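Try each task yourself before reading the solution.

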Amino acid sequence: MVRLFVRHKVSNYEGWRKVYDDFDAKRRSMGVKADAVYRSVDDTNDVTVTHDFDSADKAHALIASPELREAMGNAHVEGIPEMWVTNDA
């Protein structure tokens, strides 16, 4: 299993969450098998998301996709998200 971590600030969590949920079918079609959302206890607009894939290639394809960039723009993600891809150890 490969896990993609994404951490970013959003201007409004509720607005971000609606866009995130609406993007679910597209994420699934791009190979996401499971996902989870976490919010910082100190700043609820500091969001970390995980996405699980069968391969690193699929994770990198999602990262590079124009659809993801568009969704992040629509969700009012602030700044440049931190993204990293990991394997089970």
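Predicted model: local features only at pLDDT ≥ 70, side-chain atom pairs only at ≥ 80, totals over all residues.

Residues are numbered from 1 along each chain as its sequence is written, and side-chain values use heavy atoms, leaving out hydrogens and water.

**Exercise 1.** Work out how the axes of helix H3 and helix H4 cross.

Solution. Start with the labels: helices (H or I, at least four residues) and strands (E, at least two) are DSSP runs, numbered from the N terminus. Axes are lines fitted to C-alpha atoms, for helices over the stretch in contact, with angles from 0 to 180 degrees between N-to-C directions. For H3 (residues 56-64) and H4 (residues 66-74), the axes come within 5 Å and cross at roughly 50°. Under 35 degrees counts as roughly parallel, over 145 as roughly antiparallel, 65 to 115 as roughly perpendicular, and the rest as oblique. H3 and H4 are therefore oblique to each other. Contact means heavy atoms within 4.5 Å; here Leu-62, Ile-63 and Ala-64 of H3 meet Pro-66, Leu-68 and Arg-69 of H4.

**Exercise 2.** Is Asp-52 buried or exposed?

Solution. Next, the cut-offs: buried is under 20% relative accessible area, exposed over 50%, partly exposed in between (1.4 Å probe, protein chains only). At 10%, Asp-52 is buried. Skipping neighbours within four places in sequence, Asp-52 touches Met-1, Val-2, Arg-3, Gly-31, Val-32, Lys-33 and Ala-34.

**Exercise 3.** Now do Thr-50: what does Thr-50 contact, leaving aside its neighbours within four places in sequence?

Solution. Thr-50 also sits in a strand, E3, and is buried at 7% relative accessible area. Its contacts are Arg-3, Leu-4, Phe-5, Ala-34, Asp-35, Ala-36 and Tyr-38.

**Exercise 4.** How many cavities of 30 Å³ or more turn up in the whole structure?

Solution. On a 1 Å grid over the protein atoms alone, a cavity is a set of points where a 1.4 Å probe fits but cannot get out, and lining residues have an atom within 4 Å of a point. Points are joined across faces, edges and corners, and volume is the space filled by probe spheres set on them. The search finds 1, and the largest cavity holds about 160 Å³. Of its 16 lining residues, the closest to the centre are His-8, Trp-16, Tyr-20, Leu-68 and Met-72.

Key:
1 Å grid on protein atoms, 1.4 Å probe; cavity = no way out; pocket = protein on both sides within 12 Å on 5 of 7 lines; lining within 4 Å.
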